[in-house]
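I opened the model to look up its pockets, ligand shell, cavities and sheets. My entries follow in the order I made them.

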Amino acid sequence: MPTERYVSIDDCRICGSSSVSEFLDLGMVPAVNNFQDAPDASIEKYPLKVVFCEECNHVQLENTVQREALFQHYTYFSSASDPLLNHFGQYAAEVEQDFLTAGDLVVELGCNDGVLLSQFSDEIQTLGVEPAENVAKTARERHGLDIITELFDADVAMEARERHGEAQALVANNVVGHIDDLHELMHGVDALLDDDGVFVMEVPYLIDLINNAEFDTIYHEHISYFAVRPLSRLLQQHGFTLFNIERLSIHGGSIRAYIQRQDGSRQQRQIVSNLRTLERALGLDELATFERFASDVSRYRSQLRELLKDIEGDASVVGYGAPAKGNVLLNYCDIDANTLDYIVDTTPAKQGTYTPGTDIPVRPPSDFHDDSPEYALLLAWNYKDEILEKEREYRKQDGQFILPQPYVDLV
Ligand code: DWN
């Protein structure tokens, strides 16, 4: 694989320390949102290794893959998952009610297909920043949104400020973890946010990732895996601070962090220090914690492969949902079209394609309902409740879901 397509860090992306230690190696993995139009055994793969900073305890990827390689043909559309539509509807209403008044500007970094921005009321000005041209095009066409098709940085922040003035709210959902230069991000936030503005960022939470062995949420798009303590360290370096945090179940467990300038008007809620204390109690400041996680992950792979080997000979097995994380699990556990006949997914852009690195055909959900296979590997496990409810007829006819998280199980 061409090594110029990725670079390895020497120093922590938050504190700059050179004391970063590798604790997990998930092997060579392709860009997991890069679904293929045809099977491609020679697809580019990149090393997927995770390191722990002994100084500030930030967990992050050892390698940064070129953005073009990851976002050239992006097939993730937030609005393809009904639970996300509801999630973002409530999110917009809360941000508007708590922090905005008529005429204010909200800017969303990584706005994808506009599923959040489109849910603010008409008297709120909106602006999206989205590097993936195909989803930005959808956001413009579907919702008439103003979108800057770039990766957010200080220059983009200045362009946004010239176009619309300072922002009273910046939101970033599953975006900050994708950004390699976190200090450049904060320079952009500082340039665009007004003096008492609020920066709201939603990211998967490291405590949930470790507690539920969610190793498949680790992939090249996700450069950082946040805990409150390292995040606080980043913010402090740029004159910002956390004033509130919400824990959410979305995407396997996330936090919504509310951030203001250090002289901001809002009182800090108790949850901020409570989570910092919980992180220490769970050992998120010790490399040994992550080394134990890594041994859990390899044991997990053996369990899943064992179960599939037991059933694949005599029964039809398909995949349910074709999420990015599903492609990590499939590549890491060497699960391909010899094991799964196909995978079904509600995203039109994914149907008719093949999974990157494992070449499993992706089909519409109607095939699943027509075939009613004996087993379905629930790759979109983060929507387990909604999907088990939606497919209760399948389960009544003795169809069984294989749950890959938080441990291998049949339901
Ligand atoms: O950071 C990111 C995370 C938060 O979201 C992005 N890099 C990309 C994306 O990751 P993902 O692809 O793992 O996200 P989802 O939302 O877990 O993907 C779910 C997939 O399952 C979608 O392709 C839609 C599909 N789906 C389905 O086929 N039937 C979803 C539901 C709810 C369903 O009933």
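Which helix gives the largest share of the lining of the second largest pocket? I found helix α12 (residues 384–390), with three residues. Helices here are DSSP runs of H or I with at least four residues, strands are runs of E with at least two, and both are numbered from the N terminus.

Ground rules. I am working on a predicted model, where local features need pLDDT of at least 70, side-chain atom pairs count only at pLDDT 80 or more, and totals for chains, interfaces and linings use all residues. Residues are numbered from 1 along each chain as its sequence is written, and side-chain values use heavy atoms, with hydrogens and water left out.

**Second largest pocket**

I read its volume as about 330 Å³. Lining it are 16 residues, and S249, G252, W381, N382 and K384 are the closest to its centre. I sorted the lining by class: five nonpolar, seven polar and four charged residues.

I noted how the search works. On a 1 Å grid over the protein atoms alone, a cavity is a set of points where a 1.4 Å probe fits but cannot get out; a pocket is an open set with protein on both sides within 12 Å along at least five of seven lines; lining residues have an atom within 4 Å of a point. Grid points are joined across faces, edges and corners, and a volume is the space filled by probe spheres set on the points.

**Ligand shell**

I counted 25 residues around the ligand (a heavy atom within 4 Å). E221, K325, D345, K350 and K390 come nearest. Helices α10 (324–332) and α12 each supply at least two residues of this shell. By class, the shell has 10 nonpolar, 10 polar and five charged residues.

Next I checked polar contacts, meaning pairs of N or O atoms within 3.5 Å. A polar side-chain atom of K390 lies 2.6 Å from an oxygen atom of the ligand. For Y383, the distance from a side-chain N or O atom to a ligand oxygen is 2.8 Å. For Y219, the corresponding distance is 3.1 Å. Taken alone, the ligand exposes 710 Å², and the protein buries 96% of that. Those areas come from the Shrake-Rupley method with a 1.4 Å probe.

**Cavities**

How many cavities of 30 Å³ or more does a search of the whole structure find? I got two.

Helix α6 (residues 206–211) gives the most, with three residues. The lining divides into nine nonpolar, no polar and no charged residues.

**Sheets**

I took strands as paired if DSSP finds at least two bridges between them. An open sheet of four strands runs β2-β3-β4-β11, with antiparallel pairing. Strands β2 (20–29) and β11 (224–225) stand at the edges with a single partner each, so one side of each has no neighbour in the sheet. Three bridges join β3 (residues 46–53) to β4 (residues 59–61). V50 stands opposite L61 in β4.

Strands β12 (residues 240–248) and β13 (residues 254–261) are antiparallel over eight bridges. L242 stands opposite I259 in β13. The two strands form a hairpin with five residues between them, and H251 in the turn has a positive phi of about 55°.

Strand β15 (residues 343–344) pairs with β16 in the parallel sense over two bridges. V362 in β16 is the bridge partner of I343.

How values were computed: Nonpolar A, V, L, I, M, F, W, Y, C, P; charged D, E, K, R; others polar. Polar contact = N/O pair within 3.5 Å; in protein donor to acceptor, adjacent residues only side chain to side chain.
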